[in-house]
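Biologist: Could you put the model up so that we can go through a helix contact and a pocket?

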Amino acid sequence: MWFKNLQIYRLPTPWGMELAALEEQLGRGIFHRCPSNEPMSRGWVAPRRDGALVHALNRQWLLALAVEQRLLPGTVIHDEVRERAAAIEAQQGYAPGRKQLRELRERVAEELLPRAFTRRRTTHVWIDPQAGWFCVDAASPAKAEEVIEHLRGTLDDFPLQMLHTQLSPASAMADWLAGGEAPAGFTIDRDCELKAVGEDKAAVRYVRHPLEGTEIKAHLASGKLPTRLALTWDDRISFILGEKLEIKRLAFLDLLKEAAEQSAEHADEQFDADFALMTGELARFLPQLLAALGGEVQAER
């Protein structure tokens, strides 16, 4: 149970939701297999094998949203429509019109949908109700919004807010690169992407490349801003910081994972050990990341 990405949001501190109430309300939106006539189904599943919709450990909560989709490629529909359109043309003596083709396409999709294969994916959410953290293990905001939308439709009240910092990640990363030094507790690694803010959107990307040279400073001087920067925190967590405060390629020090493995004797214990270590590290890491970005902008209540 190690997150690979973080889309970070804020809840009131402390969040007044009780664990039992959360578990009960999540039951309104549990996962059911995708019906044969529907393209998608989503709902809450147990993060661990014990069947609880909220996995709680050390006052940290874990949720899991399952999404099942029917895979019906557009090329399959297109080929079937083309064959049927050719048969209609041979029968009636002229090609079907635009409206007839649209209706044919809808009918073909409806007929093929029950025979389509399904694919299921699961997105995990970490909630720290005392510190007010709400983090989704998703590489894109769209995937996180999918979770949030379902949660809003499930809970009686869900006062989630966006996270804002005094310094934008782009301007802070530009300062770090220009000065050749990361803020206290962080080190700059060897991956970076810079983009121009003008109409041409010129971009340059460095992979496994030293970032302390004059070349980077020249790009900054020309008006390019960092959109992604590889960093390491406290020699314990490496990650890519994005311009919208998203965290990607989140990786925890191998020693942390080894410590979790040594303390666990079976799968459930391993799950708990991983979750405890991960949340403990993130609870220390996130406040320091916000401090490096000038601190959090407090939303008006």
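Modeller: What follows takes the helix contact and then the pocket. This is a predicted model, in which local features need pLDDT of at least 70 and side-chain atom pairs count only at pLDDT 80 or more, while totals for chains, interfaces and linings use all residues. Residues are numbered from 1 along each chain as its sequence is written, and side-chain values use heavy atoms, leaving out hydrogens and water.

Biologist: Ok, at what angle do helix 2 and helix 3 cross?

Modeller: The axes of helix 2 (residues 74-92) and helix 3 (residues 98-112) cross at roughly 130 degrees and come within 9 Å. Helices are DSSP runs of H or I with at least four residues, and strands are E runs of at least two; axes are fitted to C-alpha atoms over the stretch in contact, with N-to-C angles from 0 to 180 degrees.

Biologist: Who makes the contact?

Modeller: With contact meaning heavy atoms within 4.5 Å, helix 2 contributes residues including Val 76, Ile 77, Arg 84 and Ile 88, and helix 3 contributes residues including Leu 101, Leu 104, Arg 105 and Val 108.

Biologist: Switching topic, which residues lie nearest the centre of the largest pocket?

Modeller: Ile 8, Met 162, Leu 163, Lys 244 and Leu 245 do, out of 14 lining residues. Strand 1 (7-10) gives the largest share, three residues, and helix 4 (141-152) supplies at least two. A pocket is an open set of points on a 1 Å grid over the protein atoms alone, where a 1.4 Å probe fits, with protein on both sides within 12 Å along at least five of seven lines, and lining residues have an atom within 4 Å of a point.
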